[in-house]
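Biologist: I'm new to this one and would like to go slowly. Could you pick a single part and take me through it closely?

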Amino acid sequence: MSTPSPHGRSRIAALAVALAAVSTLALAACSDDSGDSSTSSATPGAPDTASFSGDAASALASLKASVRAEASERAASASAAASSFEASVSAETERANKAAQAELAKVDGQGNAMSEVTMTGKPRSTTGGLLAVVVTITNRTDRTASYAVQVDFLDSSGKTVETRYVGAEDLAPGEKAQPVAVSREPAEPVLTPELAKAQRY
């Protein structure tokens, strides 16, 4: 067998390099077309931090500001809901409540209609966070009558912190009315509503 000339050896080497390049391209193409990332042996590099904007401290400050804004918005919304609830109750019953207060000023003791009145608490979720009770008045007599009711709100020691008046006018026999007594005191400390007086007139 004859030994290749220097010129022949150069051509063989060039051909080998070309074949190696084609093989590399083919392998790269297969790797790209497979879509299976589990077969890739490439190791992910560190993220390019030069493209980041801001820093951890500013991001935390932004988060805190967002939380404070949301809390403030919720508080404002609750306050608005409380005002709206109280306004709706007051608009419906203000005149009757004043009449009830005037009538009860004449009454000694608890009045003559305690057995015709019951109270049920309203969930604070429906009152904007206010303490409110539904006062159910039932005319158990055989004639039309009006009613005046006093509700006291007591603290944990039993002391009256606030007094509210509600009333119902011209109830027919067997008819019911359900005015709402609303405390304007803060949610804390928790107060307990108590039926103090009920007068039929």
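Modeller: One term before we start: two residues are in contact if they have heavy atoms within 4.5 Å of each other. Keep in mind that this is a predicted model, where local features need pLDDT of at least 70 and side-chain atom pairs count only at pLDDT 80 or more, while totals for chains, interfaces and linings use all residues. Residues are numbered from 1 along each chain as its sequence is written, and side-chain values use heavy atoms, with hydrogens and water left out.

Let's look at the open sheet. Three strands make it up, in the order S4-S3-S7, with antiparallel pairing. (Helices, H or I of at least four residues, and strands, E of at least two, are DSSP runs numbered from the N terminus; two strands pair if DSSP finds at least two bridges between them.) S4 (160-171) and S7 (192-200) are the edge strands, each with a single partner, so one side of each has no neighbour in the sheet. From one strand to the next, the twist averages 20°, taken between N-to-C directions of lines fitted to C-alpha atoms, on a scale from 0 to 180 degrees.

Zoom in on S3 (residues 145-154): nine bridges join this strand to S4. You can find one of them at Tyr147, whose bridge partner in S4 is Ala168.

Now for the packing. The largest nonpolar core has 19 residues, and Val117, Val135, Ile137, Val149 and Val151 touch the most other members. Such a core is a set of buried Ala, Val, Leu, Ile, Met, Phe, Trp, Tyr and Cys residues joined through side-chain atoms within 4.5 Å; buried means under 20% relative accessible area, exposed over 50% and partly exposed in between, with a 1.4 Å probe and protein chains only. S2 (132-138), S3, S4 and S7 each give two or more residues to this core, and S3 gives the most, with five. Take Val151 as an example: setting aside neighbours within four places in sequence, its contacts include Met119, Val133, Val135, Ala181 and Pro193. There is also a second, separate core of five residues, among them Ala132, Val134, Val180 and Val182.

What does S7 hold on to at Arg200? Arg200 forms a salt bridge with Glu116, with the closest N and O atoms 2.1 Å apart. (That term needs a side-chain nitrogen of Lys or Arg within 4 Å of a carboxyl oxygen of Asp or Glu.) Glu116 sits in the loop between helix H2 (56-104) and strand S1 (117-121), so the pair ties S7 to a part 84 residues away in sequence. Both partners are buried.

Beyond its neighbours within four places in sequence, Gly174 is in contact with Thr138, Asn139 and Thr141. Between S6 (180-182) and S7 lies Glu185, partly exposed at 33%. Glu185 and Glu162 are 23 residues apart in sequence, yet their C-alpha atoms are 7.7 Å apart in space. Leaving out neighbours within four places, Glu185 has contacts with Val161, Glu162 and Leu191.

A word on confidence: pLDDT, the predictor's confidence in each residue from 0 to 100, averages 77 over the protein, and 57% of the residues score at least 70.
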